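Visitor: I am new to reading protein models, and I would like to go through this one slowly. Could you show it to me first?

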Amino acid sequence: MSNFFKRLGKKQDPAFYQQKDMHLIPSLTTKDLLGLGLGMVVGTAIFTLPGIVAAEHTGPAVALSFILGAIGSGLSSFAYAEMAAAMPFAGSAFSWISILFGEFFGWITGWALLAEYFISVAFVASGWSAYMRGFLASLGLKLPPAISAGFNPQQGSYVDLLSVIAILAVGFLLSKGAHTVSRVENTIVAIKLIVVILFIVVGATAIRASNYVPFIPPHRPGTTFGGISGIIAGTAQIFIAYVGFDAIAANSAEVKDPGKMMPRGLIGTLVIGTSFFILVSLVLVGMFKYSVYRNNAEPAAWALRHSGHYITANLLSIVAIIGIFAALIAIHLASSRLLYSFGRDGLLPAFLGVTNDRHLPLNALDVITIAAIVIAGFLPFTFLANLVSAGTLVAFIMVSLAVYALRPREGQDLPVPKFKMPFYPVAPALSAAFSLVIFWGLNPDAKLLMVAWFLIGIIIYFVYGINHSQLQKNNS
């Protein structure tokens with residue numbers, strides 16, 4: 001029995017990852033990391049979630065949910081920055097936890113991230129599809145119900161065809177390499193930020209002060225709407241907005257100077273992204289009463305159209321259609337690197353850890369693309385948002401706690417990073433506790449599904465992973 005637990009706690013040698021990841025080309029800069037991070041953070045979430053969360057949980061106080069989320073994710077971003085600076089390996093939290101706590105705990109963390117990534121790709125594609133359908137409808141074009149949404153025979157829908165097309169297009173683009181993608185990503189993000197600013201300026205002219213009253217509606221017993229509990233529930237749902245941190249960190253092995261560039265990319269994404277979220281949220285709920293945004297996946301464009309700003313609304317929709325691709329690119333790229341890491345370590349079939357003659361993990365990319373098509377094509381939008389947040393929060397908790405295991409090894413078998421998490425040793429505990437509280441605020445379905453996902457992951461590990469693991473073979 002003691003040997004069994006020793007096998008679970010075996011820690012990966014950092015030199016193994018360093019040697020394996022040499023095949024990946026370091027070509028990304030701070031600007032590219034900000035492009036990837038903001039492409040994800042200022043993506044589907046900023047164009048969709050403020051209205052939905054306001055209607056379902058917070059009322060006009062939706063900005064408070066984003067601020068609360070920024071505080072928690074800000075603490076986590078400091079932990080991520082130190083980890084990425086000390087261990088710039090593909091796979092982010094999966095690789096870090098495997099080194100610091102052992103392979104089994106790394107697998108559990110990576111498995112949570114896989115849920116986050118799989119569902120994130122599908123969620124972002126669903127958001128793109130909603131904006132595309134809204135834009136086409138404004139031109140008098142409407143897709144048949146059967147191909148307009150996820151599987152729901154009662155409503156006559158079977159597959160979200162536009163989501164499928166978006167995922168295929170991004171998968172093809174990523175097959176050209178990270179450096180080529182980063183140029184496209186940076187251009188899209190710059191255009192998108194300009195239009196977000198335009199929405200804030202134009203939308204502010206349609207604000208009615210009465211829409212902010214009461215700013216924090218009273219709690220409705222038996223629901224997650226109103227009061228402090230509503231704000232916390234809103235924070236749990238919008239945590240998907242901060243997945244961008246892990247999407248940046250997953251590409252550590254392809255960064256030119258990760259010690260300097262990773263912290264700048266992570267913290268810069270937090271500050272810029274949160275500022276935009278707060279401003280967009282305040283303008284959106286000020287334009288119309290929050291309740292009108294219920295089940296509306298394109299609230300920003302809708303608000304502009306119904307306040308008479310048709311040109312700006314259509315411009316926003318066009319840029320959202322293009323700009324949401326930036327988010328899809330970022331998370332799709334990160335997910336392929338995570339799956340590559342599983343194959344690299346032998347925890348999933350080895351073909352996933354193979355790179356082609358251009359040093360690209362195309363096998364992992366193909367698998368992620370196919371899986372995302374299935375999920376995006378058949379699952380509903382709000383369901384996806386909750387499940388993504390669950391995976392993100394698990395990773396945030398593990399990475400925050402891992403700082404305690406990292407510090408004693410810095411300057412020993414791991415380098416002393418150029419950035420360290422401030423307010424140690426208090427900050428890592430606060431970060432983990434904050435993410436745990438937000439996780440507890442998720443709806444019961446999300447928590448139940450996450451438990452089921454973990455059980456599947458544990459079965460895969462004991463049936464396949466532990467028997468094919470490179471670490472177990474090297475130490476046998």
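Visitor: How many aromatic pairs does the structure hold?

Guide: Please keep in mind that this is a predicted model. Rings of Phe, Tyr and Trp are taken as a pair if their centres lie within 6.5 Å. Counted in that way, the aromatic pairs in the structure number 19.

Visitor: Is the aromatic pair of Trp107 and Phe342 stacked, edge-to-face or tilted?

Guide: The two ring centres of Trp107 and Phe342 are 5.0 Å apart, and there are 50 degrees between their planes. Planes under 30 degrees apart would count as stacked and those over 60 as edge-to-face, with the rest in a class of their own. The pair of Trp107 and Phe342 is therefore tilted.

Visitor: How many residues apart are Trp107 and Phe342, which link distant parts of the chain?

Guide: Trp107 belongs to helix α7, which covers residues 103-138, while Phe342 belongs to helix α14, which covers residues 310-345. The pair thus links distant parts of the chain, and the separation is 235 residues.

Visitor: Does Trp107 count as buried or exposed?

Guide: Trp107, which is also a member of an aromatic cluster that includes Trp111 and Trp453, has a relative accessibility of 0%. Because the limit for this class is under 20%, Trp107 counts as buried.

Visitor: Is the peptide bond from Tyr424 to Pro425 cis or trans?

Guide: Most peptide bonds are trans. The bond from Tyr424 to Pro425 has an omega near 10 degrees, and Pro425 itself lies in the loop between α16 (381-406) and α17 (426-440). This peptide bond is cis.

Visitor: Which residue lies over the face of Tyr424?

Guide: The ring of Tyr424 has a charged neighbour over its face, at 4.1 Å from the ring centre. The residue in that position is Arg407.

Visitor: Does Leu64, from the nonpolar patch on the surface, count as buried, partly exposed or exposed?

Guide: Leu64 lies in helix α5 (residues 62-86), and it forms the patch together with Ile67, Ile71, Phe215 and Ile216, with about 370 Å² of accessible area together. At 30% relative accessibility, Leu64 counts as partly exposed.

Technical notes: Residues numbered from 1 in each chain as written. Predicted model: local features only at pLDDT ≥ 70, side-chain atom pairs only at ≥ 80, totals over all residues. Heavy atoms only, no water. Patch = residues over 30% accessible without salt bridge, like charges linked within 9 Å, V, L, I, M, F, W, Y side chains within 5 Å. Areas by Shrake-Rupley, 256 points an atom, 1.4 Å probe, with all protein chains shown as cover. Salt bridge = Lys/Arg side-chain N within 4 Å of Asp/Glu carboxyl O. Helix = DSSP H or I, 4+ residues; strand = E, 2+ residues; numbered from the N terminus. Buried < 20%, exposed > 50% of the residue type's maximum accessible area, 1.4 Å probe, protein only. Phe/Tyr/Trp six-rings, centres within 6.5 Å; stacked < 30°, edge-to-face > 60°. Lys NZ or Arg CZ within 6 Å of the ring centre and 35° of its normal.
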